[in-house]
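Reader: I am new to this structure and would like to go through it step by step. Could you show me the sequence and the model before I ask about particular parts?

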Amino acid sequence: MKLTFLLCLFFFANIGDAKTTVTYYKCMTDKSTVFSQHPCSNNAQQYTLTHSDPQATVPSEQHFKTLNELERKQIIRNLKHALRAKKQHAAVLGRKRDEAAREQQRRVTRLMDDERRKATVKDVKKQLKSINKDYLQKVKVLNKEIAQIEKN
């Protein structure tokens, strides 16, 4: 919102004495925000920009297309950041799983008698199965979230 307002001010910089007024509407939809020179819904918010430039004229399209494009780019950028964060989270989960598996393998390689070794190997297999099951569940949830972000 602030970025959009600042960009509008940039387009209509305050220079000179004559005043020009531009009115536009901002409509929030469930997918995006739309800027228009006409109200696009009942909950449209009206904004007015005034600047002082003697040579300035009111632009015909009132820059609503530029504002919509800027907001679309911002949404895309935010989705890319969210996607990168989810993929990083998946990589962290993989590293944690690998570390837990290495720790279980270290337990097997310790010096011990045969009976204790068999019990340890059995426990290690059980622990590895649990680690992998937990990892696969978390990765499945992350993959669904990633797919949802990529779909948007």
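Predicted model: local features only at pLDDT ≥ 70, side-chain atom pairs only at ≥ 80, totals over all residues.

Reader: Is Thr 120 buried or exposed?

Author: The cut-off for a buried residue is under 20% relative accessible area. Because the relative accessibility of Thr 120 is 10%, this residue counts as buried.

Reader: Which helix holds Ile 146, and how far is its C-alpha atom from that of Ala 90?

Author: Ile 146 lies in helix α3, and with a relative accessible area of 10% it is buried. Ala 90 is among the buried residues of α2. Although Ile 146 and Ala 90 are 56 residues apart along the chain, their C-alpha atoms are separated by 9.9 Å.

Reader: What span does α2 reach from its first C-alpha to its last?

Author: Helix α2 has 46 residues, and at 1.5 Å a residue the span expected for it is 68 Å. The span in the model is close to that expectation, for from the first C-alpha to the last α2 reaches 68 Å.

Reader: Which residues make up the largest nonpolar core?

Author: Strand β3 (45-52) and helix α2 each supply at least two residues of this core. Apart from it lies another core, of five residues, including Ala 90, Leu 93, Tyr 135 and Val 139. The largest core has six residues in all, and these are Tyr 24, Phe 35, Tyr 47, Leu 49, Phe 64 and Leu 67.

Reader: Which element gives the largest share of the lining of the largest pocket?

Author: The largest pocket has a volume of about 190 Å³, and of the 14 residues that line it, the closest to its centre are Arg 72, Ile 75, Ile 76, Leu 79 and Asn 152. At least two lining residues come from each of β2 (33-36), α2 (64-109) and α3 (114-151). The largest share, eight residues, is supplied by α2.

Definitions and conventions. Residues numbered from 1 in each chain as written. Heavy atoms only, no water. 1 Å grid on protein atoms, 1.4 Å probe; cavity = no way out; pocket = protein on both sides within 12 Å on 5 of 7 lines; lining within 4 Å. Points joined across faces, edges and corners; volume = space filled by probe spheres on them. Helix = DSSP H or I, 4+ residues; strand = E, 2+ residues; numbered from the N terminus. Core = buried A, V, L, I, M, F, W, Y, C linked by side-chain atoms within 4.5 Å. Buried < 20%, exposed > 50% of the residue type's maximum accessible area, 1.4 Å probe, protein only. Expected span 1.5 Å × (residues − 1).
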